[in-house]
Amino acid sequence: MNTTPAASGLRGDVIAGLSVAALLVPEALAYSGIAGLPPSAGVIALLVGLLVYGVLGQSRFAIVSGTSSAAALLAADIAAAHSAVDRTAFAATLVIATGICFAIAALLRLGGLSNLIARPVLRGYAAGLACVIAIKQCAHLVQVPSTQAQPLMMFAELLQGYSRWAWPSLATGIAALALLFAFARLRKLPGAFVVAAVGIALSPWLSAHGVASVGPSTLLPTFAAPALPPAGEWLGTLQLGAALVLVLYAESYSAITAAAMRHGDPVQRNRDLFALAVANVASGALRGLPVGAGFTATSANDDAGAQSRRAGLFAALASAILVIVCAPLIARIPLPVLAAIVIHAVSGAWAPSAFRPYFLWRRDRLLLIAAAIAVLVFGILNGLLIAVVLSIVLWLHQVSTPRLSVLGRLPGSHDFVRIDQHPDARAVPGWLVLRPEEPLFFGNAAAMFDVAHTRVLEAHGIHTVVVSLEASSDLDGTSVEVLGNFATWLSNRGIGLRIARPRQRIVDLLDRARLPDLPPADLRYWSVDDAVHD
């Protein structure tokens, strides 16, 4: 019997929703533990994120719920705030503030917000964050509380206290991890759900051997007013919320874009910003975790055969049923099993495939490694800030390094190319053609024209210098001033200056500048060949 495309699509959404729910419910409980909040926080984030994005979002495949990175960063934010208010209430304040920041970004149409974090920084940060999360979960595996906050010190403390390890708990966690990695090869099988179910079934026997369980707790949403920070902490709260926005949107946009590219779907950044804004405000109001589109869950939804956003709605319905029906059983999940689920969930950040391209391309390797180390050494929040600052510093170093090429004409052609790369290219007698290889701005203009001075002094018998500005889309005030000084320096030596391939904005700017030694007639050469032949 043939089925219609609509029926086939509905079946695919139902199957995907059920599969994703089985994956997400155990992870939601685990993410609550990462944030140091009650299990209900992860469940609320899961249900709210799926429902809100299913109604307001654009991507067919995005699964919006709590994520490991957001949960870890929330925990760091709460610790950094040093607030005397209730931890859960203050967490709700941060999540609502995150949603408000998303709303402001949507209103200002700041869809390019994700570009503020370079991909190598994000991947290095994710790897370092995964290490931090795994180290903290090791305390649950061995059932030894740690007194250290710094990840490396915590790991050292756990190793030194090996005599106090609960070996049955550690064996349970290792067995659960082995099963999770084995089930990961079977994409259609919800490994986290199966392992959690096995842990529940074995819970009485494990408890008899001293293995701790999650314990009873409420999993249903409860509305409560958020706790406002003290007057002196508003600025700090805003900074913490901004960090959450950057990480959540960078991670979400990466997941959404990857799914869209696989299927040729459009991406509407500002619509997604609005959907994430509403989802985070709603989650915070119900005291849930911050939410975003996780790469693992989104990929799992796609692999399971989702056809539309209905898959997320079916996943929300299935998750709610699981939570309501299985609430008494969830309390029996062994803690080392939950820790294993967390470690497995973040293990994708260590995959060699995430780092191999940068070492193959020989680009941004230092940035990648430094971002990971910064998180481990300086903590989650400070590590992120250091990694972002480092990426900006490296970018400034790259664009500030003066790279000025000398161009020559290919024989029998009107094309001008770099002489150092094309041995056949020849300089035109009496002319020196220079091309900055980076956009001119205040950070490199003076150094660039210092190199230009040297090239002029090295040349002999030239009467005109041509500067090709094809790499610059605009000029700032420093660049205009330095260019005017260069024109005056050439004029004092009886050498003319012409500007080739300028953008219209640069032409208009230099017209307004009225540089005395750079008349308007020397600004409108749309090719190097025109400038040399005129």
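Lys and Arg are counted here as positive and Asp and Glu as negative, while His and the chain ends are not counted; each charge is placed at NZ of Lys, CZ of Arg, CG of Asp or CD of Glu. On this basis the protein carries 36 positive and 30 negative side chains, and the centres of the two sets are 9 Å apart. The model is predicted: local features need pLDDT of at least 70, side-chain atom pairs count only at pLDDT 80 or more, and totals for chains, interfaces and linings use all residues. Residues are numbered from 1 along each chain as its sequence is written, and side-chain values use heavy atoms, with hydrogens and water left out.

Along the principal axes, the C-alpha atoms fill a box of roughly 95 × 65 × 50 Å. Of the 534 residues, 52% are buried (under 20% relative accessible area, with exposed meaning over 50% and partly exposed in between; 1.4 Å probe, protein chains only). Among contacts (heavy atoms within 4.5 Å) with a separation of 6 or more, 79% involve residues 24 or more positions apart.

The secondary structure consists of 21 helices and seven strands, taken as DSSP runs numbered from the N terminus (helices H or I, at least four residues; strands E, at least two). Five strands form an open sheet in the order β4-β3-β5-β6-β7, with mixed pairing; two strands pair if DSSP finds at least two bridges between them. Because β4 (416-418) and β7 (496-500) each have a single partner strand, they stand at the edges, and one side of each is left without a neighbour in the sheet. From one strand to the next, the twist averages 35 degrees.

Within this sheet, β5 (residues 431-436) and β6 (residues 464-468) run parallel and are joined by four bridges. L432 stands opposite V465 in β6. Helix α19 (residues 477-491) lies across β6 and β7, at about 140 degrees to β7 (axes are lines fitted to C-alpha atoms, for helices over the stretch in contact, and angles run from 0 to 180 degrees between N-to-C directions).

Most residues other than glycine have a negative phi. R501, in the loop between β7 and α20 (504-513), has a positive phi near 55 degrees. R501 is partly exposed, with a relative accessible area of 39%. R514 lies in the loop between α20 and α21 (528-533), and its phi is also positive, near 50 degrees. With a relative accessible area of 69%, R514 is exposed.
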